[in-house]
There are 2 protein chains.
Amino acid sequence: MTTDFAFEFKSESNGARLGEISTPRGEIRTPAFMPVGTAATVKGMYPDQVRETGADIILGNTYHLMLRPGAERVAHLGGLHKFANWSRPILTDSGGFQVMSLAKLRKLDEKGVSFKSHIDGSKHMLTPERSIEIQTLLGADIQMQLDECVALPSTREDIQRAMELSIRWAERSKNAFGTQPGRALFGIVQGGDQEDLRLRSAQALTEIGFKGYAVGGLAVGEPQETMFEVLDYTTPALPQDRPRYLMGVGKPDDLLGAVKRGIDMFDCVHPTRAGRHGHAYTKYGVINLKNARHKDDARPLDETSSNPNCQIYQRAYLHHLIRANEMLGAMILSQINLAYYQTLMQGMRDAIAADRFDDFAAETREGWAKGDIPPLS
Amino acid sequence: MTTDFAFEFKSESNGARLGEISTPRGEIRTPAFMPVGTAATVKGMYPDQVRETGADIILGNTYHLMLRPGAERVAHLGGLHKFANWSRPILTDSGGFQVMSLAKLRKLDEKGVSFKSHIDGSKHMLTPERSIEIQTLLGADIQMQLDECVALPSTREDIQRAMELSIRWAERSKNAFGTQPGRALFGIVQGGDQEDLRLRSAQALTEIGFKGYAVGGLAVGEPQETMFEVLDYTTPALPQDRPRYLMGVGKPDDLLGAVKRGIDMFDCVHPTRAGRHGHAYTKYGVINLKNARHKDDARPLDETSSNPNCQIYQRAYLHHLIRANEMLGAMILSQINLAYYQTLMQGMRDAIAADRFDDFAAETREGWAKGDIPPLS
């Protein structure tokens, strides 16, 4: 196994990229979907189950972990991998995005962002340096620079100010990260839906130099069309030989479209959250198991799936568990959704290797469009 | 595999009984603890996990299942075993106990009990005949007569009235049950803490004749001492060659004391409920993982346990999961508790076979009394 962090760009299929990131903790096959382990756990799943879905890497949230159980505590306990029983690579975000969405009494200035915990009201300060210190204490294999992310739509002035600040924070983050063998720091491109600002951000970050580049400031309220337009002009401005990570995205159709536009990595809470709400992702599209059409349906969710959870349980049983708010419903559907996401990623990787990505995407979308099997009559 | 329901009383050790119930769906080694699968799921656990803890049989609640998803629906879907993915024996209660504790606007008379659902306020009626009909629709291998259970303390008059009614309902239940090859109907001894009433109930039920006998009306608020006193005079009045089931009991120490007094079967929500609240049952006794002493403790719960969940996870991690209200905390601790209960039952069975039950009980209680390993200094 390697002692370095490295990315190999293997092949391409009409824009979609096949690659592999090597780390001392294992390989990450790209395009990759990273399940979100917010508070050191992918909600409702045992760590072994997460791996068995095909995940090579999970994501941890700096904001949650710094507040509870605390970064110094996790370091003292042997690091996040040991704590969460996940020996493979972990990416942590910078904490900035969740400070802005979850914390109280936020105050942002050049130095960083101060805030009060949403859990107990305690005061905290997150600077580029402190964010890296926390991520290093956690032991993250891939760390993210602190940035400022604005929602869309926003004024050009706000977008530009946040983008310029994020560049200055990128430089401070890189200095704070220093040299960590086998680990990587990623910069984050901002610039909202403004082409020239995205290009300015990408260029500035490339000049600073990172082992990978994220596209931030998307999946913040804009339509999918806008997201794809931004990717259309942003990814060509990023180095070919570094992984590209689209933060906080998305639904299966978003993943197909973003891979097509040269993205290599994704994370999103959507599959587990949707599972807890009774939605199952399948080759038939999204199936809402709360729907009354399932209550007398003894058929499994998808008997053609290789995932046992799609075969073992009756639709009527899943409907019952979700209606009765039983944990097992959320457990099964979270597993089904993450497994579907990983199957989709594997399908994309195979299709790129065979140089038939567009066909694969079309076939996959066709399956979703056909929809679920007919209800029982 | 047998096509009949049969009980073999194998051996005895100073009051404690070793046996085996044979059913077409598998053997039940006694003394047995039955995990409670209230709404067709043992909360927070996959069915495979439940079996892997060593459970031979689970319990389903007629009250919950008749209201949601409904007995006729479960029958139409292939029965409770298929619905809940549990192919081994299932015992269902009569629904009576939970009507009295959960339902609204209960009205009890000679015919049965009418009530409103706690879920949607819909009106229902449970008679001895309807209870058996529901349990048969569910496909339960062991069915329970409808009875009236009064809390303790109660007046002798109330206890006697309920006991006499329960005898009349026992007879009606037996008639309703008819002949169901491979399945069994159990009668329920009532009589509160009144010796003569318990003996009258046991005698009347024995005369009616059942394949097994439950002791009801305990674990309803009385001290453990009272429960043991009642067992001391009740179990000798029951046929030696039929299984005896103590309903709704209990904590590990209750199980030791009741097996000593000739009980063969138990059910209780306690292990999974305690797990959801952060309590772990171990050979060290109960460990409260919410306690701050665990928050920096990297040690596993019990490194001498053969249960991987007791070895893999740090106490600090379990503390964190429970504090953060993460599903995985409830999942792991429910598994740990049910596995501990099954290990305890296996220990009792082995000790009875070796005719050293009293020594085993003393050693086990000694381990609990010693308590947890010392905190980190």
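Here is a short chat about aromatic rings in a predicted model.

Reader: How are residues and chains labelled, and what gets counted?
Author: Residues are numbered from 1 along each chain as its sequence is written, and chains are lettered from A in the order in which they are written. Since you're looking at a predicted model, local features need pLDDT of at least 70 and side-chain atom pairs count only at pLDDT 80 or more, while totals for chains, interfaces and linings use all residues; side-chain values use heavy atoms.

Reader: How many aromatic pairs are there over all chains?
Author: Rings of Phe, Tyr and Trp (its six-membered ring) pair if their centres lie within 6.5 Å; planes under 30 degrees apart are stacked, over 60 edge-to-face, the rest tilted. By that rule, the count over all chains is 14.

Reader: Which kind of aromatic pair do Tyr317(A) and Phe83(B) form?
Author: Their centres are 4.9 Å apart. The angle between the planes is 80°, and over 60 degrees counts as edge-to-face. So the pair Tyr317(A) and Phe83(B) form is edge-to-face.

Reader: Is Tyr317(A) buried or exposed?
Author: Buried means under 20% relative accessible area, exposed over 50%, and partly exposed in between (1.4 Å probe, protein chains only). Tyr317(A) has 0% relative accessibility, so it counts as buried.

Reader: Which ring does the charged end of Arg261(A) sit over?
Author: A charge sits over a ring if NZ of Lys or CZ of Arg is within 6 Å of the ring centre and within 35 degrees of the ring normal. For Arg261(A), the distance to the centre is 4.1 Å, and the ring belongs to Phe228(A).
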